[in-house]
Amino acid sequence: MRSLATIQIYRVVGTTQILNYLNNFIMAVPNQEFLWGIFQSVDRDRSGRINTEELQQALSNGTWKPFNPETVRLMIGMFDRENQGQIGFEDFGALWKYVTDWQNCFRSFDRDNSGNIDKGELRTALTTFGYKLSENLLDTLVKKFDRFGNGTILFDDFIQACVVLHTLTAAFRQYDTDQDGYITIHYDQFLSMVLSLKI
């Protein structure tokens, strides 16, 4: 049994390309009173913190279906500075802005205004972010993040797909020191890398 794994991706991109693109859509943070009103309505147990279930109830993916619970968990994890599985008001404001920015980004790639992203639109989005992925990998991404088997990705799943792709790429780049798109690592290094990610 070989103990090394060689992994290759076509082009490794960094955080800056995704963030630079998102900067095109950055909206000002809403008025604190407005956010406080939303925060209080979402904080159903009046704990002063919002958990994943409360946040999922508050978010809309544009289909009148609940926001993907996995996407909500990822976002709580990104903004929960205290690692409690909940966010306070300050973190909620940052998360609100993050979702709004992603929503504007999503709309820019939803060329047919269908409310979802098909494979072609996903290719355009990821290419814009600096990724050069094979057709097979694009097919895999659509299958992975298409919850309803329609060959399309909804807004909340689009966020999750982009966050997962970015997180995996960032982990890969730690080992790709010469930035050639290839790494050679031991199997236990690979497992450690993947299992330590917050995805």
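This is a short chat about a predicted model of a protein.

Student: How many helices and strands are in the protein?
Tutor: Nine helices and six strands.

Student: And what share of the residues is buried?
Tutor: Buried residues make up 43% of the 199 residues.

Student: Which residues have the most contacts inside the largest nonpolar core?
Tutor: W102, L122, L126, F129 and F158. That core has 42 residues.

Student: Which helices supply at least two residues each?
Tutor: α2, α4, α5, α6, α7 and α8. For example, α5 spans 89-109, and α8 spans 155-175.

Student: What about another core?
Tutor: Another core, of six residues, lies apart from the largest one. A171, I183, I185 and L197 are among them.

Student: Back to L122. What does L122 touch, leaving out residues up to four places away in sequence?
Tutor: I117, L138, L141, V142, I153 and F158.

Student: New topic. At what angle do the axes of α6 and α7 cross?
Tutor: At roughly 110 degrees, and the axes come within 10 Å. The range 65 to 115 counts as roughly perpendicular, so α6 is roughly perpendicular to α7.

Student: Is the crossing left-handed or right-handed?
Tutor: The crossing of α6 and α7 is right-handed.

Student: Which residues meet there?
Tutor: From α6, K119, L122, R123 and L126. From α7, E135, L138, D139, L141 and V142.

Student: Last one. Of contacts between residues at least 6 apart in sequence, what share joins residues at least 24 apart?
Tutor: In this protein, 63%.

Note on methods
Residues are numbered from 1 along each chain as its sequence is written. This is a predicted model: local features need pLDDT of at least 70, side-chain atom pairs count only at pLDDT 80 or more; totals for chains, interfaces and linings use all residues. Side-chain values use heavy atoms; hydrogens and water are left out. A nonpolar core is a set of buried Ala, Val, Leu, Ile, Met, Phe, Trp, Tyr and Cys residues joined through side-chain atoms within 4.5 Å. Buried means under 20% relative accessible area, exposed over 50%, partly exposed in between (1.4 Å probe, protein chains only). Helices (H or I, at least four residues) and strands (E, at least two) are DSSP runs, numbered from the N terminus. Contact means heavy atoms within 4.5 Å. Axes are lines fitted to C-alpha atoms, for helices over the stretch in contact, and angles run from 0 to 180 degrees between N-to-C directions. Angles under 35 degrees count as roughly parallel, over 145 as roughly antiparallel, 65 to 115 as roughly perpendicular and the rest as oblique. A crossing is left-handed if the near helix is turned anticlockwise from the far one by less than a right angle, and right-handed if clockwise.
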